[in-house]
Amino acid sequence: MKKAAGDVDYTVKQIANLQMHSALFTKLLLHERLLDAIEDIMGTSAILLHHTKAHLKPPSKGAPYLMHQDYPYFPFKKHTMMAVFIHMDDTTPGNGGLCVYPGSHKLGPIPDKVYYDEKLPG
C-alpha cells in the first residue's frame, strides 16, 4: 500500500456500524429511494444489511485502495452480495472517486494478485 501511495505519509480512519452511532445513518440506510433501488437491482425485497463502514481519508494524506473485489472478504451464497457506496461529499477522479470497470460484475470472483514492495525483506 505504501508503494501505491507514492511513499507519502498517509492515514485512513474507519468507523464501523455507522447506524449504531447516529440515527441519521439509520434513516439513510432505510430511505425508501435507496431500498427501492437495491430491490430493483437485486430483484427481491428480501434485503439483509451485512455491515456499514465509513473511510475517512483526509486531503493529501488519504491512502489509495487498490483495485479489488469485495467478494473474497464477504462471500455470499449465489453471489447475492451487493455493495452500496455513498459519498458524503463531492468526489472526482482527482480526489479519489470510485473506479469501476464496466461489466466486471459479470466476471464472477477473480483471484487476487499479490503485489509486494521490493524494499521489504523476504
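The model described here is a predicted one. Within it, His51 is placed in the loop that runs between helix 2 (32-42) and strand 2 (53-56), and its side chain is joined to that of His50 by a polar contact of 2.7 Å. Although His51 and Asn17 stand 34 residues apart along the chain, their C-alpha atoms are separated by 6.4 Å.

Thr52 also lies in the loop between helix 2 and strand 2, but Thr52 is buried, since its relative accessible area of 9% is under the 20% limit. The side chain of Thr52 reaches the backbone nitrogen of Leu18 at 2.9 Å. Leaving aside residues up to four places away in sequence, Thr52 touches Ile15, Ala16, Asn17, Leu18, Gln19 and Leu29.

Elsewhere, Ile86 is found in the segment after strand 2, and with a relative accessible area of 40% this residue is partly exposed. Together with Leu28, Val84 and Met88, Ile86 makes a nonpolar surface patch of about 360 Å².

| Residue | Relative accessible area | Class |
|---|---|---|
| Thr52 | 9% | buried |
| Ile86 | 40% | partly exposed |

Notes
Residues are numbered from 1 along each chain as its sequence is written. This is a predicted model: local features need pLDDT of at least 70, side-chain atom pairs count only at pLDDT 80 or more; totals for chains, interfaces and linings use all residues. Side-chain values use heavy atoms; hydrogens and water are left out. Helices (H or I, at least four residues) and strands (E, at least two) are DSSP runs, numbered from the N terminus. A polar contact is a pair of N or O atoms within 3.5 Å; within protein, one must be able to donate a hydrogen and the other to accept it, and residues adjacent in sequence count only if both atoms are side-chain atoms. Patches are made of residues with over 30% relative accessible area and no salt bridge: like charges are joined within 9 Å, nonpolar side chains (Val, Leu, Ile, Met, Phe, Trp, Tyr) within 5 Å. Accessible areas come from the Shrake-Rupley method with a 1.4 Å probe; for residues, only the protein chains shown count as cover. A salt bridge is a side-chain nitrogen of Lys or Arg within 4 Å of a carboxyl oxygen of Asp or Glu. Buried means under 20% relative accessible area, exposed over 50%, partly exposed in between (1.4 Å probe, protein chains only). Contact means heavy atoms within 4.5 Å.
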